[in-house]
Amino acid sequence: MRLACLLTLLLFVTACSTDRKPEPPVSQPAASAAAPAPAYAAATEPADTGLPAMHAIHNNRLQQAMDRINTLVYRQMRDEVNASVETRQQTQEVAKTASELSGTVEAIIATLPALRLNPGDQATFRALADKLRLYAKQMEEQANWNQIHAIPATMDAITSTCTSCHTLFRKNRSILEKCSDPNYTC
């Protein structure tokens, strides 16, 4: 679609260009011996009114306008390409970070013995850790497939999972206990 628009625009600029010189008229043989002119021939030559064509009067302004449009179109295309490259780099970074997050779940589960939780709370802790792993892998896949529109909802689910776990299991630990734990960063 964009290519078709650009080609049409280029054709228009070429048609309105002042650089073209009119071709000399071609003498035609007598009307009785001549074959009928093809239908497209009439469309290529403006009607001879004895006056210059209207676009020729405003040719300078048209040329300037077309130059501005040309600049804007190519700038927009360049900006879109650059934005696309930047977006892809960012989604690759999201995928990498989501993969790292998924990999930390085992370290999170490894802190379970230090928390001294009852069996029911241990099951809840593991379920939340597994949920975190699932959402992290889901985000990694979304980023790898460039499904940018889906990433914010997955990020909300990850945040909700982390908040739930922290609310349930960090509330009982004092700041001194947390800082003395080698698995916790103060």
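**Close-up views of helices α7 and α8**

**View 1. How α7 and α8 pack.** In this predicted model, the axes of helix α7 (residues 119-144) and helix α8 (residues 151-169) come within 9 Å and cross at roughly 160°. That angle makes α7 roughly antiparallel to α8 (over 145 degrees between N-to-C directions, on a scale from 0 to 180). Helices here are DSSP runs (H or I, at least four residues), numbered from the N terminus. Residues are numbered from 1 along each chain as its sequence is written, and side-chain values use heavy atoms, without hydrogens and water. Local features need pLDDT of at least 70, side-chain atom pairs count only at pLDDT 80 or more, and totals for chains, interfaces and linings use all residues.

**View 2. Who meets whom.** Contact means heavy atoms within 4.5 Å. Among the α7 residues that meet α8 are Phe-125, Leu-128 and Leu-132, and the α8 side includes Ile-151, Ile-158 and Leu-168. The residues of this contact divide into 15 nonpolar, 6 polar and 2 charged.

**View 3. Thr-154 in α8.** Look for Thr-154 in helix α8. Thr-154 counts as buried, at 4% relative accessibility (buried is under 20%, exposed over 50%, partly exposed in between, with a 1.4 Å probe and protein chains only). Leaving out residues up to four places away in sequence, Thr-154 touches Tyr-135, Gln-138, Met-139 and Gln-142.

View 4. With a disulfide taken as a pair of cysteine sulfur atoms within 2.5 Å, the count is 0. For Cys-162, the nearest cysteine sulfur is that of Cys-165, 7.7 Å away. Cys-162 is partly exposed at 26%, whereas Cys-165 counts as buried at 13%.

How values were computed. Helices (H or I, at least four residues) and strands (E, at least two) are DSSP runs, numbered from the N terminus. Angles under 35 degrees count as roughly parallel, over 145 as roughly antiparallel, 65 to 115 as roughly perpendicular and the rest as oblique. Ala, Val, Leu, Ile, Met, Phe, Trp, Tyr, Cys and Pro count as nonpolar, Asp, Glu, Lys and Arg as charged, and the others, Gly among them, as polar.
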